[in-house]
Amino acid sequence: MSLFKQISILLSIVFTILFILIASISFNEIKDSAQKSLYQNVQNSVSNISLSITNAQADISTIKTVLNASFDNGNYEKIIFKDLDNNIVHQRGKKEESLEKKFPLWFLNFVNIDEVSASSTISQGWTVLGTLEVFADRDIFYNQIYAIFINLIITLVITFIVFLFVLSLLFKSILKPLSIIKEQSDSIMQNKFIFQKKIPFTLEFKSVTISINSMVEKIQNMFNHANEILKKNKELLYVDELTKLYNRRYLILKTSEYLEENSINHLGYIISIVLTRIDLLNKKVGYKKADKLFIEMANIMKELTLVNESNIISRTNAAEFIIILPRTKENDAKNIAKQLSISLNKILKNIKDEDIKLYMGLCTFEGERNHSDLLSKIDYTLSQSKILQDKDYFYMKNDDVYETRDNWRELINTALKENDYFNILYRDVLDIDSKEIVYKTISFEIKTKNKTYSYGEFIASVIELNLLEEVYLNIISKVLNIHRYNKKISIQIPSNFIENISFEKLRNIFDKNNSFKNIIFELEEDSFVKYYYNSLAFINIIEEYGFDIAIFNFMGISDDYNYLKSKKIEYIKVNQKFLETVENLDALNMVKMSLGIKLIATSINTKEELNALKNKDIKLIAGKITEGILYK
């Protein structure tokens with residue numbers, strides 16, 4: 001409850017008590033005054049009537065005439081004349097009517113006055129004729145008191161309403177800085193850093209505003225510093241200075257991501273290139289010409305291989321290049337390798353030295369346990385290419401038998417029709433301190449009667465057949481229908497889905513399945529790099545329907561990280577290889593502290609990798625080792 005509401009309630013209670021007290025005291029004073037006035041009037045009336053009878057020297061019949069005239073011309077409840085024996089000689093009175101018909105019962109109970117009367121002895125000379133008693137008309141009293149009471153209540157109510165209205169305006173004016181402070185605090189919770197330029201006059205509010213401004217400035221500076229570090233790290237840690245290609249460190253980081261079972265780039269081909277005797281090349285043509293040669297080689301590789309945004313070219317050392325081609329067909333990979341061999345050897349023709357040679361290897365990647373196994377495979381391919389020099393490149397064939405394109409199309413279309421074909425899997429995110437599951441991440445496979453296809457096996461064909469949107473919309477709908485975990489679960493949305501997303505179809509799914517909100521949608525960092533506006537539009541829809549947002553596959557490849565504070569991010573998933581660099585770890589810790597975002601280390605598969613996190617202040621992990629911790 002807001003401070004203004006609390007003060008309003010308190011003042012209302014105080015004013016109600018004051019209202020009751022003032023109304024009660026005022027009314028009692030008015031009542032007593034009216035009752036005294038009524039008694040004085042009836043006292044005067046009985047005196048006047050007695051005097052009139054005495055002066056008239058009247059007999060009994062004359063007395064009756066005088067009493068009748070007085071009753072008819074006055075406001076009396078009744079007039080009684082009694083003889084000396086206290087017998088009623090003459091009596092006049094009003095017809096009795098129920099007061100409850102004229103006035104509310106509560107009012108009668110509240111006022112409740114007895115009969116008001118005055119008496120006088122009537123005498124003729126020394127002879128006493130009898131006693132005259134006159135009763136005041138209480139109807140007049142009730143009418144007057146009731147009218148006064150109603151007017152009093154109305155006056156007090158209007159007065160208090162006006163007073164409360166004026167007081168509310170005054171409090172709103174006084175508390176206006178507090179609402180601004182609240183708005184500023186709420187914006188900080190949403191990672192929006194608003195600096196309040198208008199400082200309140202009230203001393204306490206002024207102190208709070210200055211403190212919040214100072215905190216906002218510190219948080220903003222912390223985030224900006226982290227942003228600059230991450231941007232510099234992209235150039236310093238991951239990019240080869242000469243060729244502007246990625247380096248070995250980035251290759252290891254990216255292959256760790258690609259080798260994840262649930263990566264959309266789980267399989268493909270690798271081309272490895274090496275130029276021998278670079279020392280001799282430098283002596284023969286000079287360092288500048290050698291550098292120019294490597295730049296020319298890099299440009300040829302970019303031209304021939306960067307047809308797919310997921311392809312990666314890296315210069316792993318001075319004379320070695322590795323090209324990753326995920327989701328690429330065998331024939332396409334062979335053609336790229338052949339064209340590279342022809343084009344690269346062409347620019348080396350002018351260097352006439354048999355010791356300076358170009359070797360190339362081609363191999364597949366799929367199912368390797370880690371990047372070390374993959375690099376060993378690449379090294380073997382290169383070593384074989386040096387032995388078998390009669391070909392443009394050495395091809396290390398894969399003996400696996402793959403489904404044909406038509407078979408994949410039929411299988412995926414059947415899975416879309418038969419909802420049971422898509423089998424939902426869950427991977428745990430674990431708190432290493434409490435050993436409790438914090439989140440569950442969705443994955444899925446295609447399960448037929450005869451065979452089960454893992455995500456990595458079929459996803460490349462899904463993309464090739466332009467069915468990625470349909471598949472993921474199907475999965476989102478299915479998860480919204482079946483999910484009943486008390487833990488939050490997350491759905492990882494690949495950047496390819498964001499590229500061509502149908503917002504209308506997504507809204508239709510949310511409209512039909514809008515009962516469960518305990519779901520997080522994870523976006524790749526790559527989505528913000530390549531499809532920034534689509535990503536923001538997607539996030540707006542997610543927030544509109546009450547779901548949460550997170551980032552996965554964070555690799556530090558953005559040119560700017562302000563998107564992290566554009567919306568409230570639940571957590572960032574970072575490959576453990578990325579955290580091996582101190583600069584990256586420090587920058588992410590600053591992001592975590594400034595924006596309140598959790599960090600989850602992924603690909604934690606061994607005890608060694610788990611132990612490496614102990615001094616990095618990261619408590620949430622994902623990877624194969626979680627099974628060993630939970631179920632040992």
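This is a predicted model: local features need pLDDT of at least 70, side-chain atom pairs count only at pLDDT 80 or more; totals for chains, interfaces and linings use all residues.
Residues are numbered from 1 along each chain as its sequence is written. Local features need pLDDT of at least 70, side-chain atom pairs count only at pLDDT 80 or more, totals for chains, interfaces and linings use all residues, and side-chain values use heavy atoms, with hydrogens and water left out.

**Helix pair**

Let's start with α8 (residues 278–285) and α9 (residues 287–305): their axes come within 6 Å and cross at roughly 120 degrees. Axes here are lines fitted to C-alpha atoms over the stretch in contact, with angles running from 0 to 180 degrees between N-to-C directions. That makes α8 oblique to α9, oblique being what remains once angles under 35 degrees (roughly parallel), over 145 (roughly antiparallel) and 65 to 115 (roughly perpendicular) are taken out. Helices are DSSP runs of H or I, at least four residues, while strands are E runs of at least two. On the α8 side, I278, L281, N282 and V285 meet Y287, K289, A290, L293 and F294 in α9, where contact means heavy atoms within 4.5 Å.

**Annotated stretches**

UniProt (unreviewed entry) places "transmembrane region" at residues 6–27 and 145–171; such annotations may be inferred rather than shown by experiment.

**Cavity**

What lines the largest cavity? Its lining is K254, E257, E524, E525, D526, N553, M555 and I557, counting residues with an atom within 4 Å of a grid point (1 Å grid, points where a 1.4 Å probe fits but cannot get out). Elements giving two or more residues to that lining are α7 (248–258) and α17 (525–530).

Note on methods. On a 1 Å grid over the protein atoms alone, a cavity is a set of points where a 1.4 Å probe fits but cannot get out, and a pocket is an open set with protein on both sides within 12 Å along at least five of seven lines; lining residues have an atom within 4 Å of a point.
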